[in-house]
2 protein chains.
Amino acid sequence: MIKRNAQTLSLSGTDTASKRRELTDYFRTTWELYESLFEVINNDEAFFLKPEPLRHPLVFYFGHTATFFINKLTLAKWLPQRINPRFESMFAVGVDEMSWDDLDDTHYQWPRIDEVRQYRDQVKEALLHVIDTMPLTLPITPDSPAWVILMGIEHERIHLETSSVIIRQLPLEHISPHPQWPACPLTGIAPDNDLVRVEGGPLTQGRCPDRDSYGWDNEYGRQQVQLESFQVSRFLVSNQEFLEFVQSGGYQQHRHWCDEGQAWLKFTGARHPRFWQPRDDLWLQRNLTELVPLPMNWPVEVNQLEAKAFCNWKAARIKQPLRLPTEAEWQKLRQRVEDNNPDWASIPGNLLLDKWASSCPVDQFDHNGIFDVVGNVWQWTETAIDGFSGFEVHPLYDDFSTPTFDGKHTLMKGGSWISTGNEALADSRYAFRRHFYQHAGFRYVISHQPVADTQYTNTYETDALIAQYLEFHYGPSYFEVANFPKAVVNLITPHIRQQCRALDIGCSVGRASLELSRRFEQVDGIDFSARFIQQAYELLQRGEKRYTVTSEGDLVDYKQVTLSQLDFPEPPTNVRFVQGDACNLKPQFDGYDLVLASNLIDRLANPRLFLNTIPARINDDGLLVIVSPYTWLEEFTPREHWLGGLKVNGETYTTDQALQEILGSQFELVQQHQVPFVIRETARKFQHTLAQMSIWRKINN
Amino acid sequence: MIKRNAQTLSLSGTDTASKRRELTDYFRTTWELYESLFEVINNDEAFFLKPEPLRHPLVFYFGHTATFFINKLTLAKWLPQRINPRFESMFAVGVDEMSWDDLDDTHYQWPRIDEVRQYRDQVKEALLHVIDTMPLTLPITPDSPAWVILMGIEHERIHLETSSVIIRQLPLEHISPHPQWPACPLTGIAPDNDLVRVEGGPLTQGRCPDRDSYGWDNEYGRQQVQLESFQVSRFLVSNQEFLEFVQSGGYQQHRHWCDEGQAWLKFTGARHPRFWQPRDDLWLQRNLTELVPLPMNWPVEVNQLEAKAFCNWKAARIKQPLRLPTEAEWQKLRQRVEDNNPDWASIPGNLLLDKWASSCPVDQFDHNGIFDVVGNVWQWTETAIDGFSGFEVHPLYDDFSTPTFDGKHTLMKGGSWISTGNEALADSRYAFRRHFYQHAGFRYVISHQPVADTQYTNTYETDALIAQYLEFHYGPSYFEVANFPKAVVNLITPHIRQQCRALDIGCSVGRASLELSRRFEQVDGIDFSARFIQQAYELLQRGEKRYTVTSEGDLVDYKQVTLSQLDFPEPPTNVRFVQGDACNLKPQFDGYDLVLASNLIDRLANPRLFLNTIPARINDDGLLVIVSPYTWLEEFTPREHWLGGLKVNGETYTTDQALQEILGSQFELVQQHQVPFVIRETARKFQHTLAQMSIWRKINN
């Protein structure tokens, strides 16, 4: 086997010259390793086949990793000009694996393989020159050119693995065994699996920003979970253990399968794991370069849907809450493996291409009583991938993770025999659609802890209107206009006498409610839009909310707000967010010392009804605060219900006059302000508005 | 007859106490005169009849003039509370006479007449108190409370006249002769009319702001016209002169009538003037309180359509360009009447209720060879009313004139026997729909000067989008952001080398073109929207453009821009505005030293086509300036034609990058700026945008 040099790089050091050599070496080794993998293909025509209908032919992946370097360096302006614009367009975008029936039928005019090889050589030379000449200071940080080089290297190492999965599906006639890609020779009967008890406790997830190796965006941030104790299978589920499920008709018994699993079964007609092949009475298994009798003691390789079906089948048999582990549970196991790549003196598993170019028996690498915590094959979890609190995209690769934060991409952990570089780190997080194949199997746990306890999906809110309002309430200042909900609450504050109950009616995404919670014992935030309320609710529950805002055209900026940014070390417990109709509130929304109606009245169908009914819900001496730019529009308020902005009896009649007439008998007008606000539509286009704020105090009866 | 005290008031003086007495007197006399007019009605039921189907019954007008005072004083905050809110709603809005078939069928619950009398008494007392106690400094100016009092008085004097026209249509059984409202006893054969030559010359129209009497908004401003010499009829057209037209079948011969006149004829079936009545072989005429044999030597009373038909008939007969006078021509005649109300020691005509409560023979008041230049009956003109340059609304009565600047309201001049106060001023300007009846007749002129020469209608542009752009180009600064087209041209200026030809492509309402005309020999302003181009064109042609902008809801502010405000003492002659397609320009739009495309590219269906074709129209060393916020929207540009704001080959691709790629080979990027702009939507809501400006210089071939 070649010298794989597959551990990732330390970012720190004192000697830039030697770090430059390390980078050159890591780049060159990765590049050559990647090309070496494609040497198992014994004819150029095979590069143009599509063994996996959901992916491009291999020619794309052969060119893609080179193009990726060029595209990212071009974007970062570290490369003066492209090598081959046509190739760099063609090799730029992979086929997404978003759905199993989303076949790619674009007609591509792929180049010849020798042309791609020549292109790769050109790119290699160019990159070696960049590495030689780029500015380099230590440690390497995400804004340095060396980070872009590492991004390209780690990206190529991901494709080393995923390409190996595609090659594993090429018809065997196109493949020749290769001395550098030998399978494990060990096979035999699997050991009986049994359960190992693992103590629960608190667990911190997320990579520190100062960790001394390259990390992808999704690894950073921080999350605390409380794990209950659980039992876990000592071994990965072997082919032998899974065969029982197959032979008992597991692929025909739909009750074991989740809805998504049933749909996948129906679409594919699968009867067994993808790399198994029935031959007469035998089962065979396709490995990278050979077809062999099914190695019973190797881990089974399945997608997450199959793994879950097995767990459901087994749970039903043993009448125990048996399921896949969560990411956190796997991380608890991971504590049994000492140290981490790149600091390993010896590799503690079938990992980093250190052992074989295939799986191996499940009982080879003992990690303190549990086998294959890392390496051999990836282990599916129950956890849909999400960013940890504090997640931020890297500006050069803002869609590495964000499209997968959708609840449909599930994490695999631990790495496989061909997981190298960043993939083999304890912090690494790779997720795929649940129907997707990798060199991936699973182990199971028995736990009474609900999966939801340790996971959630903090989806990016991408609805343009909602995201605009999140940015409006929680984003930065534009044109030096202070945060509007905060300014409004600050202007109310001097007038507060009783501090018991406050109502933020038309609370939108909730900022004013949160600010009021610092001043009142109980705050109700009510909005007619359940979608707006949901944002506020999620922020309160999770301490964080993510959203995208348009920068230009379809391009977005990724944004987030956390409660701690808002100076809430702990989530306030005295705010509740409820969906409701300002004109038809439930009776319990009563007895308020403050009712704040901000940007509400000109969005109501019948604002007069609101103004007529809300006073009864306000305590004597309590405040009613109306803030509005009086933007009357027929799409919200029929013209006959506009409070003002009309000629009444032939005379100009403003909303301000109307408010005085409607409220004047029950309230004293304490103060008026003009309060500006800015709503961002794009990075260059904003709504800039001047609201009128009227503070009314209810007259004692 | 009562002491009419019908001349309006001087605004100036040194003694506020005596001015307060004058005001009290003018108010009280007007009030009592108005009530006195209604005394000719001999039963209360008659107040509820509708002799004129297009107007309210007389009860409305009886209450209305009182309510008007209250409403305006309330609006101006000079009155602490209303007298009778119900009445003040009911009596507020008159029926507009906008169309002859727009009948008012609202069901009104009118109060009894004694209730209205009581209400009028209450209002009178309240107003006398206001006049007694209001702050008063001299001279009285439009922002003082005395101005509001005068507004109410002059308003009542208008209704004195218009109510007398309605009473003249009440069936005679409801009317009793009244000693204070006596008709002229003089009747007889009319004198033969003949023509008097009037010398042309320059004429200045418009009232000086410091004129010493109350004026309505439409009287102010300034306009210069050049009058050709003309001949004018010595007398108003008499009943006798008009009878010939009637008897010759004038009402049946449609060729004499304009389109509007024909439609009116068809709708009404009119065969003779409205106040004429055929009785056996005789013609009778209805005056205010009596029906009398048609006084042949009194002026005929007709609407403008009938007057025009007569002129057309007569012009055809004598084969001369005979028509109604224009406003300017009448004003030329007015120079024959010395002095002006309120300075008249003796009243120079049948005017100001100084003589009779009716017309009188046309040969009674000689003004230097021409009779009845003022008084007797109003004289219809050819001129549709419009504001003079510098027109501004009064904030308390912004719809006194503005709705009539529509080309459909035509001026009457000179006043009638019952025109008093402001109505009897030389500067006064009253206009009605052309089918409308007043105590109005006409005289005619023979002139070769086209009517259009001395008039135009500078209609308020009320289309919200167009008005927004007029305000954007020509209005004030908001948020201290400098005028955008001007800022753009200023930023270009240092880079201009040749100053021959400039193209402002996507010029909208034309401000940048005008600014460029100061720096280039020839400027073409081209826009795809004919409606935008029209604004720019009109501003250039007329030196002024009016528009309304939304303040709140349906309420608008009245705005105008003049070339002189833009520091153009004379209209620039080196700008032309043309409709055209930026992507398909005619060949002659070529050889430019500057092409400015401001806020254009993200509104084109195919911006790349524009960028590919425009360079050929630019001279070597010439400039191409692109200014845009890159607000890509599918409603303007299909997504596949967006220049940037997309992921291209998986990478972020901005419009700025796209411009560099498209233009880089033919142009050098000289400079880039961020240029903010603000577009007002309401008084409180604005679009605030930051455009990117790129200045490119074409590389010499």
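**Exercise 1.** How many salt bridges are there between chain B and chain A?

*Solution.* The model is a predicted one, in which local features need pLDDT of at least 70 and side-chain atom pairs count only at pLDDT 80 or more, while totals for chains, interfaces and linings use all residues. Residues are numbered from 1 along each chain as its sequence is written, chains are lettered from A in the order in which they are written, and side-chain values use heavy atoms, with hydrogens and water left out. Begin with the criterion, a side-chain nitrogen of Lys or Arg within 4 Å of a carboxyl oxygen of Asp or Glu; the count between chain B and chain A is then eight salt bridges. One example is the salt bridge of B:D398 with A:K647, whose closest N and O atoms are 2.5 Å apart.

**Exercise 2.** Determine how much area chain B and chain A bury between them, and which residues supply it.

*Solution.* The contact (heavy atoms within 4.5 Å) takes 42 residues from chain B and 42 residues from chain A. Next comes the buried area, defined as the accessible area (1.4 Å probe) that two parts lose on being put together, summed over both: chain B and chain A bury about 3700 Å², 50% of it on carbon and sulfur atoms. Of the area that chain B buries against chain A, B:E552, B:R684 and B:H688 supply 20%, more than any other three residues.

**Exercise 3.** Describe how the strands β26 of chain A and chain B are arranged.

*Solution.* Strands are DSSP runs (E, at least two residues), numbered from the N terminus, and two of them pair if DSSP finds at least two bridges between them. Strand β26 of chain A, residues 685-698, and β26(B) pair in the antiparallel sense over five bridges. Within this pairing, A:F686 stands opposite B:H688 in β26(B).

**Exercise 4.** Is A:D621 buried or exposed, and which residues does A:D621 touch?

*Solution.* First locate A:D621, which lies in strand β22 of chain A, residues 618-628. Because its relative accessible area is 18%, A:D621 is buried, the class being set at under 20% relative accessible area, with exposed over 50% and partly exposed in between (1.4 Å probe, protein chains only). Leaving aside residues up to four places away in sequence, A:D621 touches A:R497, A:Q498, A:R697, A:K698 and A:N700. For the chain as a whole, buried residues make up 61% of the 701 residues in chain A.

Technical notes: Helices (H or I, at least four residues) and strands (E, at least two) are DSSP runs, numbered from the N terminus.
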